[in-house]
Amino acid sequence: MESQNKINKYHFKSGLPQEFEILDIGEVFQRSKKALTSNHRTDFYQIIWFKTGNPIHLVDFNPIQIQTNSLLFLNKDMVQRFDENVMMDGKIILFTDSFFCRTESDTQFLKNTLLFNDLFSIESLPIQEFTSTFETILKQMSSELLNEKDDNQSEILQNLLHNFY
């Protein structure tokens, strides 16, 4: 019998051209609601855009009140749980260390940026003033992902990802 206190760990989906993916929250929730609404960890980074909805997102057992049209930056290995009682819409950007960290300075940047490493408080960041900019970058990333993988694709995606910081 599986323990109710067990925290599952999810790994990045294998077989993708890049260890980078953009998913629709509604679609992921529909497919994996039970997994998402249970405490779990991931071995990849997440940027969650809560376009609509005001859920309470549990991060390392601390409730985070999410505001509509805000971003939540989650470091890998954080325990999290989605709110099963609130309808939400948005996107999730997923990526791994091996995708982002091509150089030592990339690694230092990712390990030191407050967006993923604020030990004192994790909060969602409202983006009302920057919604159109964010949507433009997201569309550029999605468009690039539709292209066949070449030597430049991962660098282009990483550069676009840098624009969120």
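The model is predicted, so local features need pLDDT of at least 70 and side-chain atom pairs count only at pLDDT 80 or more, while totals for chains, interfaces and linings use all residues. Residues are numbered from 1 along each chain as its sequence is written, and side-chain values use heavy atoms, with hydrogens and water left out.

The structure holds eight aromatic pairs; rings of Phe, Tyr and Trp (its six-membered ring) pair if their centres lie within 6.5 Å, with planes under 30 degrees apart counting as stacked, over 60 as edge-to-face and the rest as tilted. Take F20 and F99 to begin with: their ring centres are 5.0 Å apart and their planes stand at 35°, so this pair is tilted. It links distant parts of the chain, since F20 belongs to strand β2 (residues 20-24) and F99 to helix α2 (residues 97-100), 79 residues apart. Helices (H or I, at least four residues) and strands (E, at least two) are DSSP runs, numbered from the N terminus.

Buried means under 20% relative accessible area, exposed over 50%, and partly exposed in between (1.4 Å probe, protein chains only).

Now turn to Y45 and F95, whose ring centres lie 5.3 Å apart with planes at 15°, so the pair is stacked. Y45 sits in strand β4 (residues 45-52) and F95 in strand β9 (residues 89-95), so the pair ties together parts 50 residues apart in sequence. Y45 and F95 are buried.

These two pairs come together in one aromatic cluster, formed by F20, Y45, F95, F99, F100 and F109.
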